Structure formats: structure tokens, C-alpha cells
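Subject: Structure handover

Hello,

Here is the structure I promised to pass on to you. Please open it beside this email, and I will walk you through what turned up.

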Amino acid sequence: MTNEEALKINAEYRTSWVIARHKEKPLSEEAEEYIDGKIEYHNIIQNALKKQIPEEEAHFFGDHGFFKCKNTKKEIRYPLLSFKDLDYCPRCGQKLDWSKE
């Protein structure tokens with residue numbers, strides 16, 4: 001299973017919990033907390049899976065020791081290492097794709 005497929009399946013499960021949350025009224029407080037927990041659980045999974053799908057292009061600026069992650073929108077400075085050795089942004093964990101550089 002690819003990350004993209006897992007992302008789609010997780011989104012479908014999350015949607016089913018959102019529907020369940022709003023379909024049955026009134027819900028007990030315990031049931032609401034349970035469903036809200038499930039929704040939050042799937043949100044966390046969704047965010048983690050998105051970070052495993054490489055950014056199509058990580059921006060690297062010259063030889064000056066910094067690149068810009070598309071996820072954080074911030075310049076990341078890294079001491080005297082080849083940025084292309086980094087598979088993930090050290091700040092946010094987004095998987096990087098250097099193939100276009």
C-alpha cells in the first residue's frame with residue numbers, strides 16, 4: 001500500500017466518524033468523547049501520512065548552507081552538510097524530494 005492509498009483510506013474512516021458524530025442525536029457524553037477521540041486520532045494519522053509523501057521539490061539556495069521547506073515556508077540553515085543527504089526537513093519532518101535539483 002502506498003502512502004497516498006493509506007491517506008485516502010484514513011480520510012474515508014475519518015469521514016465516517018464525522019458522520020457518526022452528527023448523525024445520532026443526542027449522544028451520551030461518553031459517546032461524544034469516544035467519537036471525538038477517533039476523529040482526532042485520524043487527524044494525527046492524516047498529518048503523519050502527508051509528511052511521508054515527498055514534497056515535489058525542496059528548494060535549495062546556492063552554496064550558502066540553507067534551503068527552504070515548502071511545508072514550513074522557512075529557511076532552514078544546516079552546518080556544512082550536503083542538504084541532499086537530508087531525507088526529511090529537520091524542523092517539521094516533511095519528506096523531501098531532491099530529484100529536481
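A quick definition to begin: a residue counts as buried under 20% relative accessible area, as exposed over 50%, and as partly exposed in between (1.4 Å probe, protein chains only). Please keep in mind that this is a predicted model, where local features need pLDDT of at least 70, side-chain atom pairs count only at pLDDT 80 or more, and totals for chains, interfaces and linings use all residues. Residues are numbered from 1 along each chain as its sequence is written, and side-chain values use heavy atoms, with hydrogens and water left out.

With that in place, Glu32 is partly exposed, at a relative accessible area of 25%. Its side chain meets that of Arg21 in a salt bridge (3.7 Å, N to O). This pair links distant parts of the chain, with Glu32 in helix H2 (residues 29-52) and Arg21 in helix H1, eleven residues apart. By salt bridge I mean a side-chain nitrogen of Lys or Arg within 4 Å of a carboxyl oxygen of Asp or Glu; helices (H or I, at least four residues) and strands (E, at least two) are DSSP runs, numbered from the N terminus.

How many salt bridges does a search of the whole structure find? It finds two. In the other bridge, the side chains of Arg21 and Asp36 meet at 2.7 Å, N to O. Here too distant parts of the chain are linked: Arg21 in H1 and Asp36 in H2 are 15 residues apart. Arg21 is buried, with a relative accessible area of 15%, while Asp36 is partly exposed at 35%.

Lastly, have a look at Gln94, in the segment after strand S3 (75-77). Gln94 is buried, with a relative accessible area of 3%.

Best wishes
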